[in-house]
Amino acid sequence: MTSDRATQWLTTNTTPAVPFVTRLRVNGYRSLAHCDVTFGPLTVLIGLNASGKSNLLDALEFVRDCLEGRPQQAVQSRGGAETLFHHSGGRAADRLSIEVHLLLAPRDRSAPDSHRIHATYGFELVQGRQNRTHQPVAVTSEWLEVTPEGTETRTGFRRDSTGSVTSLPTGTSTGLVAANALWLGNAAAADETVAGVLQALTSMSFYTPDPARMAEPQRATTGEALAPDAANAGEVLGALAASRPEIKQRVDAYVAAIVPGAQGVDELPLDTYRTLHLRMLDGETNEVVRFGAGQLSYGTLRATGLLSALFQPDALNGFTSLVCVDEPELGLHPSAAGALFDALTEAAEHVQVIVATQSGDLLDRDEFDPDWVRVVAVRGGATVVGPIDAIGRRVLGKGLATVGELMRGDQLPPADPEDPQSPDTAESTDSTPGSEEPQP
């Protein structure tokens, strides 16, 4: 049974709040031995090559993939357990666990806070040699806690290493699940609140625009959701122009700021296929000239893919809860960094955005809020993630340097998690469900 507040949330045409993912705790995943990171509406992961930025994004994507299919499939698609589980001392760890803290709220942001719902979901996997299933990996524990704002009531479930599932808060047995499967999907079938959590987790979106694919015509689909490689960007922009023309104009303005002389990018229908073309203004004739996708530079196509991800109808309508992009600045001239920065900040008003970058040009902004940054570095062979340390914040506060200048000078270490001045320290001691003790 769902609570009255949960039922009200689920029946008001809902969308995840901004931020949606408030916290991520990872143990034993790739380079992430132990990681506890908080997120805001816009979070910028910065760090040098091979620091682990992509691994942090992939940990979130791994959760989504495990829920959309099976953990076995998600592990094998990443090269198997030996490459996925954290290595230390020359051998892979036996276990990995991931826990995601969520904040879900009604679409109407003027609704009272009492309509919001906090949720914590996580699971632990062990390698085959540590379980008796004869499978590469097995699920040894899984947990979900859901708490409506302003209440002490926690609902959800706990699943132990035997596969036995108990309901919260009653502790009654609700079923038995195989070691190679997760229980959240089963629970969602019987509870609308859990169904909302599952939908939100599986709607996290991760993008790596592929200019080669974007240059090829794609068979027409619904046009509302962007593909991970942005191959259907033309169709998505067409749907955006039809449903939200004012937002399409904003996208065109960003294209014009990134590509000198451009006026916008539009869908180009080709029978049952769709592609895109760029509108340019001829400086001599003052006429509009159109260039097909195959004539555009990779940088222009990547920028188009990124803008399509940030402003796609699904993100505006709440069907995409989170947009993650790794190295959005690739292929762009440094002068385009300002427009890219503005697009990221504007998009974060309607969808949570997490980007990973090593571009100082993107960070050379006086208005760049240090609280947006999570610094990613390697210490002792493992990735550590944290906010900008106290020294860096003082330098930024006095206007002595920009975030980009500190990063280029390798003067931007993450704060010590035990530092009481660290933003993450304060946030990690809140009353978010499940935050009191780490899961196994």
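**Exercise 1.** Determine how many nonpolar, polar and charged residues the lining of the second largest pocket has.

*Solution.* The model is predicted: local features need pLDDT of at least 70, side-chain atom pairs count only at pLDDT 80 or more, and totals for chains, interfaces and linings use all residues. Residues are numbered from 1 along each chain as its sequence is written, and side-chain values use heavy atoms, without hydrogens and water.

Step 1. A pocket is an open set of points on a 1 Å grid over the protein atoms alone, where a 1.4 Å probe fits, with protein on both sides within 12 Å along at least five of seven lines; lining residues have an atom within 4 Å of a point.

Step 2. Fifteen residues line the second largest pocket, and Gly 156, Ser 167, Ala 187, Asp 191 and Val 194 lie nearest its centre.

Step 3. Ala, Val, Leu, Ile, Met, Phe, Trp, Tyr, Cys and Pro count as nonpolar, Asp, Glu, Lys and Arg as charged, and the others, Gly among them, as polar. The lining therefore divides into nine nonpolar, five polar and one charged residues.

**Exercise 2.** Identify the strands that pair with β15 (residues 273-281).

*Solution.* Strands are DSSP runs (E, at least two residues), numbered from the N terminus; two strands pair if DSSP finds at least two bridges between them.

Step 1. Strand β13 (residues 218-219) pairs with β15 in the antiparallel sense over two bridges; Gln 218 has Arg 274 as its bridge partner.

Step 2. Strand β14 (residues 262-270) and β15 are antiparallel over eight bridges, with Asp 266 opposite His 277.

Step 3. Strand β16 (residues 288-292) pairs with β15 in the antiparallel sense over five bridges, and Leu 281 has Val 288 as its bridge partner.

Notes:
Helix = DSSP H or I, 4+ residues; strand = E, 2+ residues; numbered from the N terminus.
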